[in-house]
Amino acid sequence: MKAELIPDNGDPPIPITRDVTIVGRRDFADVVVDHPSLSKRHAVLVKTDGLLVIRDLITTNGTRVKGQRIRWAALLPGDRIALGGYKMRVYLGPDDAMSPSELYRKRAGKAADLRGAGEALHKVDPIQARRFGSFAAPSIEQLPSSSYDEVARPDAPELDDDDSLIELD
């Protein structure tokens with residue numbers, strides 16, 4: 001069973017991979033949530049076969065499940081929990097399904113690939129882009145005043161309309 005906590009504020013999903021997980025604000029917790037309303041050791045999550053149990057560790061700001069302050073509770077898929085003022089939703093799913101954190105990493109990877117592709121497009125030589133018919137072609141005003149073929153490739157042979165680029169045997 002995959003278990004994750006999905007923050008409401010858009011932070012990345014938090015996978016719960018251990019059978020017993022301490023959630024808190026300090027580095028010695030298994031899952032660190034940097035939020036001022038959390039205690040150093042705020043709650044413990046226990047993962048069993050198909051069930052996730054949460055127990056508040058006697059905190060000042062408390063732990064809530066579906067709006068009710070609890071000492072402990074069994075969590076179901078989609079339950080809303082709050083550790084102090086930090087609100088999350090519970091994900092429980094099968095091992096073979098894509099979890100929210102895996103989907104998040106996949107989207108983040110695609111976004112990085114797209115950013116890299118965008119950076120590569122900005123590095124395209126505008127003259128070469130126009131010569132090869134790319135969508136990144138410069139406008140007429142951006143081209144030098146001399147003829148296009150001389151600027152793009154001065155050593156290129158002149159071609160007439162009936163000349164072919166591919167010679168057949």
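Reader: What should I keep in mind about numbering and confidence before I start?

Author: Residues are numbered from 1 along each chain as its sequence is written, and side-chain values use heavy atoms, with hydrogens and water left out. This is a predicted model, in which local features need pLDDT of at least 70 and side-chain atom pairs count only at pLDDT 80 or more, while totals for chains, interfaces and linings use all residues.

Reader: How many salt bridges does a search of the whole structure find?

Author: A salt bridge is a side-chain nitrogen of Lys or Arg within 4 Å of a carboxyl oxygen of Asp or Glu. By that rule, the search of the whole structure finds three. In one of them, the side chains of K2 and E102 meet at 2.9 Å, N to O. K2 lies in strand β1 (residues 2-7) and E102 in helix α1 (residues 100-122), so this pair ties together parts that are 100 residues apart in sequence. Helices (H or I, at least four residues) and strands (E, at least two) are DSSP runs, numbered from the N terminus.

Reader: Is K2 buried or exposed?

Author: Buried means under 20% relative accessible area, exposed means over 50%, and partly exposed is in between (1.4 Å probe, protein chains only). K2, at 18% relative accessibility, counts as buried, whereas E102 is partly exposed at 24%.

Reader: Which residue forms a salt bridge with R80?

Author: The partner of R80 is D8, and their closest N and O atoms are 3.2 Å apart. R80 lies in strand β10 (residues 80-83) and D8 in the loop between β1 and β2 (14-16), so the pair ties together parts that are 72 residues apart in sequence. R80 counts as partly exposed at 44% relative accessibility, and D8 is likewise partly exposed at 44%.

Reader: Where do D30 and R18 lie?

Author: D30 and R18 form a salt bridge, with the closest N and O atoms 2.6 Å apart. D30 lies in the loop between β3 (20-24) and β4 (31-32) and R18 in the loop between β2 and β3, so the pair ties together parts that are 12 residues apart in sequence. D30 is partly exposed at 36%, as is R18 at 46%.

Reader: In what order do the five strands of the open sheet run?

Author: Strands of a sheet pair through backbone hydrogen bonds, either parallel or antiparallel. Two strands are taken to pair if DSSP finds at least two bridges between them. Here the order is β4-β3-β5-β6-β9, with mixed pairing, and the edge strands β4 and β9 (72-75) each pair on one side only. β6 and β9 pair in the antiparallel sense over four bridges, and the bridge partner of R55 in β9 is W72.

Reader: Which residues does T59 touch?

Author: Contact means heavy atoms within 4.5 Å. T59 lies in the loop between β6 (51-56) and β7 (63-65) and is buried, with a relative accessible area of 9%. Not counting residues up to four places away in sequence, T59 touches S39, R41, H42 and R69. Its side chain also makes a polar contact with the side chain of D56 at 2.8 Å; a polar contact is a pair of N or O atoms within 3.5 Å, where, within protein, one must be able to donate a hydrogen and the other to accept it, and residues adjacent in sequence count only if both atoms are side-chain atoms.

Reader: What surrounds M1?

Author: M1 lies in the segment before β1 and is partly exposed at 26% relative accessibility. Leaving aside neighbours within four places in sequence, M1 is in contact with residues including K47, L51 and L92.
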